[in-house]
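Open the model in your viewer and keep the selection tool at hand. The stops below say what to select next and what is there.

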Amino acid sequence: KQNVHMPIALSRPWLHIKKHNKGMTMQQYMCAVCGHIHDEAEDGLFDQLDKHHNCPECGCGKEEYQLVA
C-alpha cells in the first residue's frame with residue numbers, strides 16, 4: 001500500500017549537480033521563447049546540463065536560452 005502522505009519524487013537530474021562552487025560566478029540564462037530563468041545558483045551550472053535538456057515551462061531546447069547580462 002502506498003503512503004498517500006509521502007510526496008512522489010520526480011527525477012530532476014539538474015538538481016544533482018553541485019550547486020555551490022567556490023570561486024565561480026553564478027549566472028542566469030533566460031529562455032528566449034517563454035522567459036523562464038535558469039539561475040545557476042539554484043538550478044545548477046547551465047553548461048553541465050544535458051544537451052537534450054528542455055525548458056520546464058515551454059519545452060523548448062537548451063539552445064534557446066540566452067545569457068542574461
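Select Tyr29, which is buried because its relative accessible area is 11%; buried means under 20% relative accessible area, exposed over 50%, and partly exposed in between, with a 1.4 Å probe and protein chains only. The model is predicted, so local features need pLDDT of at least 70 and side-chain atom pairs count only at pLDDT 80 or more, while totals for chains, interfaces and linings use all residues. Residues are numbered from 1 along each chain as its sequence is written, and side-chain values use heavy atoms, with hydrogens and water left out.

Tyr29 is found in strand β1. Helices (H or I, at least four residues) and strands (E, at least two) are DSSP runs, numbered from the N terminus.

**The aromatic rings**

How many aromatic pairs does a search of the whole structure find? The search finds two. Rings of Phe, Tyr and Trp (its six-membered ring) pair if their centres lie within 6.5 Å; planes under 30 degrees apart count as stacked, over 60 as edge-to-face and the rest as tilted.

Select Tyr29 and Phe46. Their ring centres are 4.1 Å apart and their planes stand at 15 degrees, so this pair is stacked. The pair links distant parts of the chain, 17 residues apart: Tyr29 is in strand β1, and Phe46 is in the loop between α1 (40-43) and β3. Both residues, Tyr29 and Phe46, are buried.

Phe46 and Tyr65 form a tilted pair, with 5.5 Å from centre to centre and 55 degrees between the planes. Here too distant parts of the chain are linked, since Phe46 lies in the loop between α1 and β3 and Tyr65 in strand β3, 19 residues apart. Tyr65 is buried, as is Phe46. Show Tyr29, Phe46 and Tyr65 together: they form one aromatic cluster.

**The sheet**

Switch to a cartoon view. Strands of a sheet pair through backbone hydrogen bonds, either parallel or antiparallel. In this model, three strands make an open sheet in the order β2-β1-β3, with antiparallel pairing; two strands pair if DSSP finds at least two bridges between them. The edge strands, β2 (37-39) and β3, each pair on one side only.

Select β1 (residues 28-31), which three bridges join to β3. Tyr29 stands opposite Leu67 in β3, and the bridge partner of Cys31 in β3 is Tyr65. Which residues make up the covered face of β1, and which the uncovered one? Tyr29 and Cys31 are on the covered face, Gln28 and Met30 on the uncovered one.

Turn to the other side of β1. Strands β1 and β2 pair in the antiparallel sense over three bridges, and Gln28 has Asp39 as its bridge partner in β2. The hairpin of β1 and β2 has five residues between the strands, and in this hairpin Gly35 takes a positive phi near 90 degrees.

**Last stop: Val68**

Select Val68, in the segment after β3 (65-67). Is Val68 buried or partly exposed? Val68 counts as partly exposed because its relative accessibility is 35%.
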